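Visitor: I have a structure here and would like to ask about the spaces inside. Can we start there?

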Amino acid sequence: MRTQVAIIGAGPSGLLLGQLLHKAGIDNVILERQTGDYVLGRIRAGILEQVTVDLLNEAGVGGRLASEGIVHHSIELVFAGTRHPIDVHGLTGGKVVTAYGQTELTRDLMQARAAAGLPTIYEAANVQPAGFDGEHPVVTYDKDGKTHELHCDFIAGCDGFHGVSRASVKDRIAEYERVYPFGWLGVLADVPPVSPHAIVYGNSDRGFSLCSMRSLARSRYYVQCPLDDKVEDWSDQRFWDELRRRLDPELAERIITGPSIEKSIAPLRSFVAEPMRFGRLFLAGDAAHIVPPTGAKGLNLAATDVKYLSGAFIEYFNERDAHGIDTYSARCLKRIWKAERFSWSLTTLMHRFPDTEGFGQRLQEAELDYLVHSRAASTALAENYVGLPL
């Protein structure tokens with residue numbers, strides 16, 4: 001088989017890249033080791049920056065997002081038993097974020113790809129990129145008991161943190177990582193969100209909490225928990241009780257509870273791999289970087305990678321201009337490190353660490369008090385939250 005761009009990974013970044021390339025008349029094939037149902041079943045983030053919304057519209061898949069996405073004009077910080085709103089819309093000159101579940105975004109992209117008749121090979125086993133240091137890359141994979149070869153001009157590694165793309169160049173990259181000493185216990189429930197047009201971040205002496213949403217009828221809530229906790233240790237009742245204890249009294253009273261439809265514990269880490277280009281192999285999304293979910297940057301960083309990478313490929317094939325390809329890694333990493341800084345800073349500010357006792361907790365509260373009462377500090381938070389300019 002022959003194509004112009006071989007894309008490894010059928011998550012949001014791979015699907016979005018494929019859709020943008022298709023719109024520009026560039027052939028591409030996506031290889032995915034899991035089934036389509038498995039990919040759709042992954043529960044992930046759902047807060048989109050404007051750059052991501054614009055990119056989905058450019059790809060022609062923004063219709064359902066426009067009708068079902070929920071615009072957020074503010075965020076709210078809870079500490080010392082009091083809730084403080086941050087007017088993101090007003091502080092950034094009208095910028096907002098949009099709540100729209102990653103599962104729904106993935107579904108939109110899958111349906112658009114299927115409608116266009118574009119090739120996606122699911123359950124592709126033993127995927128291996130090769131030859132990318134020369135001019136004739138190839139990706140081999142096993143399917144239906146046979147080994148196949150996909151010849152291409154470029155390979156896009158969009159296969160996540162545990163994928164084969166970064167592993168294939170592991171001896172040629174520098175890795176930077178910070179693993180946090182706690183996890184997030186997340187619950188998805190079909191109940192109205194406690195704050196329908198804002199995300200609520202909580203800092204308390206019991207630990208961090210987060211109130212977010214997927215729609216006006218589906219909510220996503222989190223509490224900080226020890227890494228060695230087990231999901232089975234947390235009944236629904238225990239979770240709702242703990243969440244209420246970490247919020248201000250008025251908000252806790254407003255929470256509507258219900259049976260969980262998904263419950264999981266996720267560790268938190270910050271991770272960056274440099275560089276992101278190796279000859280004709282390019283890393284994008286979680287294959288190159290991970291951020292703590294505190295800042296809602298993971299999916300948006302992946303979309304930015306795709307924006308730069310799709311533009312670079314389009315320039316190359318349509319104009320024979322390699323500038324975008326040559327500068328891809330540097331452009332992405334400049335933005336990635338700013339998002340890493342913001343996500344680390346917000347994570348550090350809002351969570352209880354093993355050494356956050358007494359003095360540390362009071363320092364956090366002092367920093368939060370300054371943040372909500374200083375327009376300059378609030379503006380800096382809001383600007384980072386909605387996404388810095390490209």
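Guide: H10 gives the most residues to the lining of the largest cavity, four in number. Helices here are DSSP runs (H or I, at least four residues), numbered from the N terminus. This is a predicted model, where local features need pLDDT of at least 70 and side-chain atom pairs count only at pLDDT 80 or more, while totals for chains, interfaces and linings use all residues. Residues are numbered from 1 along each chain as its sequence is written, and side-chain values use heavy atoms, with hydrogens and water left out.

Visitor: What counts as a cavity, and what as lining?

Guide: On a 1 Å grid over the protein atoms alone, a cavity is a set of points where a 1.4 Å probe fits but cannot get out, and lining residues have an atom within 4 Å of a point.

Visitor: Which residues line the largest cavity?

Guide: The lining includes Pro-12, Leu-16, Leu-105 and Val-306. Besides H10 (298–319), H1 also gives two or more residues.

Visitor: Which helix gives the most to the second largest cavity's lining?

Guide: Helix H6 (residues 102–115), with three residues. Leu-105 and Asp-108 are among the residues that line this second largest cavity.

Visitor: New topic. At what angle do H1 and H3 cross?

Guide: Roughly 45°, and the axes of H1 (residues 12–23) and H3 (residues 50–58) come within 9 Å. Axes are lines fitted to C-alpha atoms over the stretch in contact, with angles from 0 to 180 degrees between N-to-C directions.

Visitor: Which residues meet there?

Guide: Leu-16, Leu-20 and Lys-23 in H1 meet Leu-55, Leu-56 and Glu-58 in H3; contact means heavy atoms within 4.5 Å.

Notes: 1 Å grid on protein atoms, 1.4 Å probe; cavity = no way out; pocket = protein on both sides within 12 Å on 5 of 7 lines; lining within 4 Å.
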